[in-house]
Amino acid sequence: MLDADDVRRAVSMPAAVEAVREAFLDLAAGRFVVPQRLSFAGATTLVMTACHTPSSTTVVKTLNLVPGRAPMILGTLVWNTADGQVVADAVEVTTLRTGAVSGVATDLLAPAEAGSLALLGTGAQAADQVRAVAAVRRVTVFGRDLSRARALADRLSAEFPEVAMRVASSARDAVSDAEIVCCATSSRTPLFAVDDLPDRVHVNAIGSYLPSMRELPAELLATAACVVVDQVDAALEEAGEVIHAVGSGLLDRGQLIELGPALGTPPAVDGRTVFKSVGLAVQDWAVARLLGEAAGMRG
């Protein structure tokens, strides 16, 4: 079994971003079968699967989430091919592929010259959000626990010495002058008000994955130039902010744009843009394929 260090040695973030981009293009072209994620025991156990039909390769990932446990998340990923299997630490694959999809969406939707990033959240997903948005020159970190925010900023400073790091006193302070915002929290209430944002900004929200969770204000989804999701059906099933905005009549389902088609035909964007991801198994498949290739398997 490949542990977290093995995964990081085999797959760089730039490689993961390109692999995830290709996977979403394949998804849009109908080359994947992706069943809805299974959730058990109050969403403490999740099962995600996908089949890439041209290669007949499949991925199965299980995650177990128990708040208060250390580590909170445990999981295993299995990639199946005619040559054999790759078994890997699912938590590391998940953080890597979640960062990668934010990189794909940011490249598509953020202003080309954007150089400042506000990172809201200090958990396991946070650092990869910065790694995926590699071109920024300034990062502002905010977390409810300021000591954890400072510790994360110190870690990121060591990894990116050329990037200026700042710890914000509030979410409003963090986003007020950002050109890119990455939300990686499990918040059940919006992290900021729509008026806290600049007029031109791209927002990634990857933390919430239950209808009861909401990182973004509904007004942002209602007024954004475009709202891109990884998959419409998945977002309407699991993304609390999307469910709330559609249910309140502030956002029409038809306004939601899926990432795969948007990569093929980029939307004309200006002002505020949003990418909301609940995570799809095609992302896990993309990183697993790279792990398989590193092991000499075909995929």
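Predicted model: local features only at pLDDT ≥ 70, side-chain atom pairs only at ≥ 80, totals over all residues.
Modeller: Contact here means heavy atoms within 4.5 Å.

Biologist: Which residues is threonine 185 in contact with, leaving aside its neighbours within four places in sequence?

Modeller: Leu120, Gly121, Leu191, Gly207, Ser208 and Glu215. Threonine 185 itself sits in the loop between strand 10 (180-183) and strand 11 (201-205).

Biologist: Is threonine 185 buried or exposed?

Modeller: Buried means under 20% relative accessible area. Threonine 185 has 17%, so it counts as buried. A polar atom of its side chain lies 3.2 Å from the backbone nitrogen of serine 187.

Biologist: Now salt bridges. How many does the structure hold?

Modeller: Side chains of opposite charge can pair when their charged atoms come close. The structure holds 20 salt bridges. One of them joins arginine 272 and aspartate 199, at 3.8 Å from N to O. This pair links distant parts of the chain, 73 residues apart: arginine 272 belongs to strand 14 (residues 272-276), and aspartate 199 to the loop between strand 10 and strand 11.

Biologist: Where do arginine 272 and aspartate 199 stand on burial, buried or exposed?

Modeller: Arginine 272 is buried, at 15% relative accessibility, whereas aspartate 199 is exposed, at 65%.

Biologist: Which residue forms a salt bridge with arginine 289?

Modeller: Glutamate 293, with the closest N and O atoms 2.7 Å apart. Arginine 289 is buried at 13% relative accessibility, while glutamate 293 is partly exposed at 40%.

Biologist: And which residues are linked in a network of salt bridges?

Modeller: Arg8, Glu92, Asp128, Arg131 and Glu159.

Biologist: Back to helix 11. How many of its residues are buried?

Modeller: 12 of its 14 residues are buried, which leaves the helix mostly covered. Among them are Trp285, Leu290 and Leu291. Helix 11 (residues 281-294) reaches 20 Å from its first C-alpha to its last, close to the 20 Å expected at 1.5 Å a residue. Just after the helix, glycine 296 takes a positive phi of about 85 degrees.

Biologist: How many aromatic pairs does a search of the whole structure find?

Modeller: The search finds 1. Planes over 60 degrees apart count as edge-to-face. Phenylalanine 32 and tryptophan 285 have 85 degrees between the planes and 5.1 Å centre to centre, an edge-to-face pair. Phenylalanine 32 is in strand 1 (residues 32-33) and tryptophan 285 in helix 11, 253 residues apart. Both phenylalanine 32 and tryptophan 285 are buried.

Terms used:
Residues numbered from 1 in each chain as written. Heavy atoms only, no water. Helix = DSSP H or I, 4+ residues; strand = E, 2+ residues; numbered from the N terminus. Buried < 20%, exposed > 50% of the residue type's maximum accessible area, 1.4 Å probe, protein only. Polar contact = N/O pair within 3.5 Å; in protein donor to acceptor, adjacent residues only side chain to side chain. Expected span 1.5 Å × (residues − 1). Phe/Tyr/Trp six-rings, centres within 6.5 Å; stacked < 30°, edge-to-face > 60°. Salt bridge = Lys/Arg side-chain N within 4 Å of Asp/Glu carboxyl O.
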